[in-house]
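Please look over the sequence and the model shown here before turning to the points below.

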Amino acid sequence: MAAGSPRLRPTLRLRLTLLNGVLLVGAGAILVLLAWLLVRDALRPTDELLPGTTVVLADGRTLDAAQWQRQLADSASGELLAKGLGALLAISAVGVVGAYAVAGRALRPLHQVTATARRLGETTLDQRIGYSGADDEVAELADTFDAMLDRITAAFAAQKRFVANASHELRTPLAVMRTEIDVTLSDDEADTDEYRRMATVVRDASERANGLVDALLVLARSEAQTGRRLGRRTECDLAVGTANALSAVRREVERIKLRVQTSLESAPVVGDPGLLDRLAGNLVENAVRYNHLHGRIWVRTGSDGSRSWLVVGNTGFEVDQADVPGLFEPFRRGGQERTGARGSGLGLSIVRAVCDAHGGTVKVLAQPGGGLEVTVTLPCADNLPAVAASAKRRAGP
């Protein structure tokens with residue numbers, strides 16, 4: 001084959017046409033053969049006559065009956081074969097052409113799917129097939145493709161929103177640092193106290209930026225392991241990680257005079273200890289950060305032998321239950337954009353990603369008087385003694 005010449009591809013349309021042609025020709029050939037056999041068997045009128053019987057034809061000729069029968073059968077069979085084969089060729093040609101046209105029409109939505117897929121790009125994700133034909137398998141494929149495009153579009157929109165919000169969150173502390181530095185350096189009368197104040201502001205802003213970067217890394221690490229085998233699988237206890245998290249926020253709890261109720265029973269699990277500690281830490285930190293003066297926090301862990309759970313609840317501002325799904329979106333609080341607010345805005349996003357990575361679930365309930373109760377459920381470690389788990393991961397003082 002010469003270079004650049006078109007190559008005949010075994011397309012689905014061509015294969016359907018060939019299959020229809022083969023079936024049509026085969027069925028026609030069988031019918032012609034049956035007709036030929038039936039005619040030869042039917043043309044035997046002299047079988048019941050006596051030997052030597054003659055027949056007189058219309059032109060006056062006298063022939064032996066057996067000879068006349070042979071001539072009649074040969075003539076009828078030949079004419080039947082000739083006309084039958086001619087009709088078979090004509091019907092086969094019409095059938096193949098019709099099958100090719102019908103297959104092309106039936107497969108037209110597939111060409112639309114292919115053309116749409118080729119046109120798709122970041123700026124053309126709004127295009128859809130919009131199939132309006134019969135409710136068949138092709139319609140199901142077209143609808144499935146459109147639904148997939150809807151999910152991809154939503155994912156791209158979420159990614160753009162995430163990048164924009166992350167950029168905004170990072171820009172805020174950087175802008176604070178640059179402003180403080182520029183203002184202080186432009187002040188010719190700035191003294192040591194002023195520089196010390198500037199250094200304090202810059203340090204706080206850098207800590208905020210560093211915390212956001214750490215949270216982004218944890219989120220990326222958690223989502224990368226979702227649906228895959230965890231990179232680290234260690235026996236640990238959610239009660240131990242929760243106790244460590246409560247110990248880390250003790251000063252803030254005392255500062256805003258929160259009342260903490262705990263029931264930390266053994267909750268053995270198998271997974272990545274760093275991610276599980278971050279899960280417990282995020283829930284406890286959120287419960288403290290979004291609470292109010294003289295508020296309340298309740299924390300429970302436990303296990304029933306098949307599932308282990310961690311429950312963290314807190315008082316605080318009111319959240320509509322309809323806004324709860326938005327809490328799991330990065331940089332959102334109460335279903336609203338929350339860039340510039342306290343924290344990185346990735347707490348529950350990380351919690352959900354860690355739960356997904358460990359095959360668990362997370363459920364959030366808005367409390368009637370304000371606040372939330374978050375319940376995390378993970379598969380329990382098989383036959384894991386509570387003492388062994390606690391010994392491996394000791395709680396802080």
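The points below are grouped by topic, from the whole chain to single residues.

This is a predicted model, in which local features need pLDDT of at least 70 and side-chain atom pairs count only at pLDDT 80 or more, while totals for chains, interfaces and linings use all residues. Residues are numbered from 1 along each chain as its sequence is written, and side-chain values use heavy atoms, with hydrogens and water left out.

**The chain as a whole**

- The chain has eleven helices and eleven strands; helices (H or I, at least four residues) and strands (E, at least two) are DSSP runs numbered from the N terminus.
- Of the 397 residues in the chain, 34% are buried, where buried means under 20% relative accessible area, exposed over 50%, and partly exposed in between (1.4 Å probe, protein chains only).
- The accessible surface of the chain is about 23700 Å², and carbon and sulfur atoms account for 57% of this area. Accessible areas come from the Shrake-Rupley method with a 1.4 Å probe, and for residues only the protein chains shown count as cover.
- Among contacts (heavy atoms within 4.5 Å) between residues at least 6 apart in sequence, 70% join residues at least 24 apart.

- An open sheet with mixed pairing is formed by five strands in the order 4-6-7-11-10; two strands pair if DSSP finds at least two bridges between them.
- Strand 4 (259–264) and strand 10 (361–366) each have a single partner strand, so one side of each is left without a neighbour in the sheet.
- On average, neighbouring strands of this sheet are turned by 10° against each other, direction ignored. Axes are lines fitted to C-alpha atoms, for helices over the stretch in contact, and angles run from 0 to 180 degrees between N-to-C directions.
- Strand 6 and strand 7 are antiparallel, paired over seven bridges, and arginine 300 has valine 311 in strand 7 as its bridge partner.
- These two strands form a hairpin with three residues between them, and glycine 305 in the turn has a positive phi of about 95°.
- Strand 7 is largely enclosed by the rest of the structure, because six of its eight residues are buried.
- Strand 7 also runs antiparallel to strand 11, joined by eight bridges; here valine 312 stands opposite valine 374.
- Six bridges link strand 10 and strand 11 (residues 372–379) in the antiparallel sense, with valine 362 opposite valine 376.

**Helices**

- Helix 6 (residues 238–248) lies across strand 4, strand 6 (296–303), strand 7 (307–314) and strand 11, and runs at about 160° to strand 4.
- Helix 8 (residues 273–289) packs on the sheet, where it touches strand 6, strand 7 and strand 11; its direction makes about 20° with that of strand 7.
- In helix 10 (residues 347–357), nine of the eleven residues are buried, including Leu348, Ile350 and Val354.

**Threonine 301 and the cysteines**

- Threonine 301 is found in strand 6 and counts as buried because its relative accessibility is 3%.
- The side chain of threonine 301 reaches the backbone oxygen of glutamate 265 at 2.7 Å.
- Beyond its neighbours within four places in sequence, threonine 301 is in contact with residues including Leu238, Thr242, Ser263 and Trp309.
- Cysteine 355 is buried, with a relative accessible area of 1%, and cysteine 236 counts as buried at 3% relative accessibility.
- A search of the whole structure finds zero disulfides, a disulfide being a pair of cysteine sulfur atoms within 2.5 Å.

Conventions. Polar contact = N/O pair within 3.5 Å; in protein donor to acceptor, adjacent residues only side chain to side chain.
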